[in-house]
Amino acid sequence: MRGKELWFFGEEGVSMADRFALEVDDLHVRYGHLHAVCGLSLRLKRGESLALLGANGSGKSSTLSALCGLVQPDSGSIQIDGISLTQNPGLCRSRLGVVPQDFAFYEEMSGRDNLMFVGRLYGLHGTRLRRKVREVLDFVRLADVAHRPAGTLSGGMQRRLNLACSVLHDPVLLLLDEPTVGLDMNSRDAIYQLLESLRDRGCAFILTTHQLHEAEGFCDKVAVLRKGVLIAQGTLAELARQNPQPVKKPLHPELEESRVDSVHHFAHELRGPQGTNLESVLSRILAESNAREVTP
Amino acid sequence: MSNHSVFQSSPANVSRAKLFNSARLVWDLTRKDLLLFFLDPRAAVLCFAIPIILGLGFGKIFESTRDVAKTKLSMILVVEDDHPLTRQLVQAIRQSPRIGIREETRSEAQALLTARRGNVAVIIPSGMGASLSEKTQLIRSKLWQKETEPVTPAMRVIHSPEALLEASWAEGVMTEIVWKELAGKWLASLLPPGAAPSFERPFPLEQEAFPKSSASFNSYSHSFSGMSLQYLLFWGMDSGLLLLRERKRGVWRRLRSAPVPLSLLLLGRIVSTTLVAFAQVLLTMGFAWAFCGVTLQGSYLGFVIMALSASLMAATMGMLVAVMGQSEARARNLAIVAILGMSMIGGYWLPSFLLPEWVKLGSMAFPTTWALRGFEGIFWTGANLWETCRCALIVSAYSIAALVIAFWWLARQETHGILEKGQS
């Protein structure tokens, strides 16, 4: 029954379970000569979670920006809950939640006022809005401090408020950009407990993180980006068997200086307990990808 | 009803529901901005108080010029001659209603001009009185000949480089006074015995301001109009910078990933900025009316229309500068140059009749000039509703153009990922 509540925007007579939360086909994003995202294809079912991994400049942020409509893709298609982002951006966005890395709320306003404002943006009003705000505040355990200006809350509370603003409208797909950055272990656990609870209710996730054990522990699937190319994706077991997709050498190397993608840098950026399965798998995939770089 | 339910409605209701939802979204965005504005009450009070303080200050500076009959030129007088005729001339200068003098030595006068504590000094040189007296004797005894005329030492007018107008005024007034004094002596022999010579202006002269106002010029009318408009522009800039701050933080990402079109996001910001700006104008001009004797010479409806269009101008110009600047530091510098430039050229600081002709002509290309014209028409020259609406229309046309450009520019930045990558 709760799952039904999540998708109150859905058309009658369509089986929700049959739909993918996200379908991305051959997505290309270019900034001038820089090919930021190159032929990305992804599928994500409801309740599934995907960790998007890659070094700085690998195309993670551009992918997330394209998924939430902040960047116009040059080609390819994005469907959220079966709805085309290009053809129906408003409806598509109403099924999407975004948790930016920065705190995406007004620090001067109270937590409750922030939620009320965000709720109105998603078409919630009146009693329904107040009920949803109450539920979400209870859900993220911020009901006691909801009257305080958001800027005066602790780091962990602010992260939870950031998450609350993103799930108020019961999204089908949640995009999380390093949701636990700068948090201690307890606060991280609290965030992941909340995310697991959302996942149990049918919400799908795409998560970018530099914490390998978070990706390994929380996400069903992992996708690895390198120079805008999705070089590998799947469960950990599937990744262990995969050979990376070939990556083209850049036509304009001077434009790609920001892309730090050597195995060494990537391993340095990603943090996790040494000997993590995912770490060894990624190291192998990246090393092979480096070796198999092809001339365009 | 959620805004999404419109998609299930019949096609006939879709556009009406969309319009309703759009209006509600704009109001929600506006309400959020107003809430943020009033969450810092001290900042809000300052926002309303500063244009009043600026208007009072500038009005006080120009208050002395309120009564044209009492307008005096401040002048330093250096008297280096002790002849009785010179003393007589100095007495006449002291009594002149057109100049206020301060007597100093030559070196002190030069020091005062250098220190910018005076604009004009007139030096009556040694020997001037004796020479003029000798000339008078020759004329009265009918022995005057051009060849034998005694050489009169030159009266000197020294002035600050920028005070050419005051120097010309001093020259005219001194010539008038000396002529009056000497003419009585020179022409006395021509008058019948016992006739009292009078050398006042031999024709009547009437002076009036045009266009006519039912009230005399109140310096506060100009200062409150100018300072209020200038502060509106700063408020518009501040509001535009808030957009950049949102963009820098994650808030913009949240707003843009919500089912709200970019046009409505901008419109919400424009409406909230316009409303606060409108309140600023009402309070500022209300204060001027209540405490500084500024009266509404034009139409009440014209005032409301003009105030709304000026507020819209501030909001859209601020938005445009912010979008063009892209980063907060760049936008702030760009805005300061634009605001100060448009304020100066538009005549916000000094009445525009004091500006050179080419500046007056060039200023017609700026909406700020038309906004001030509209306000001065309402509070000073008594413009009718149509004249005020003409100014308001021009200002609004500029505002709409600025809004369209800002929207296009921002949409282009999004399309090309400039916001994401900081590329230009």
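Strand 9 (residues 221–226) and strand 10 of chain A pair in the antiparallel sense over five bridges, where two strands count as paired if DSSP finds at least two bridges between them. Within this pairing, R226(A) stands opposite V229(A) of strand 10 of chain A. The model is a predicted one, in which local features need pLDDT of at least 70, side-chain atom pairs count only at pLDDT 80 or more, and totals for chains, interfaces and linings use all residues. Residues are numbered from 1 along each chain as its sequence is written, while chains are lettered from A and ligands numbered from 1 in the order in which they are written.

Chain A as a whole comes to 11 helices and 10 strands, taken as DSSP runs numbered from the N terminus (helices H or I, at least four residues; strands E, at least two). Of its 296 residues, 49% are buried, meaning that 20 or more other C-beta atoms, placed from the backbone, lie within 10 Å of a residue's own.

Helix 7 of chain A (residues 185–200) has 16 residues and reaches 22 Å from its first C-alpha to its last, close to the 22 Å expected at 1.5 Å a residue, the expected span being 1.5 Å times one less than the number of residues. Its buried residues include A190(A), I191(A) and L195(A). Their cover includes strand 3 (49–53), strand 8 (204–208) and helix 8 (212–218) of chain A. Just after this helix, G202(A) takes a positive phi of about 100°.

Turning to chain B, the axes of helix 7 (residues 219–248) and helix 11 (residues 328–345) come within 10 Å and cross at roughly 165°. The two helices of chain B are therefore roughly antiparallel, a label for angles over 145 degrees.

Terms used
Buried ≥ 20, exposed ≤ 12 C-beta atoms within 10 Å, placed from the backbone. Contact = placed C-beta atoms within 7 Å. Axes fitted to C-alpha atoms, helices over the stretch in contact; angles between N-to-C directions. Parallel < 35°, antiparallel > 145°, perpendicular 65-115°, else oblique.
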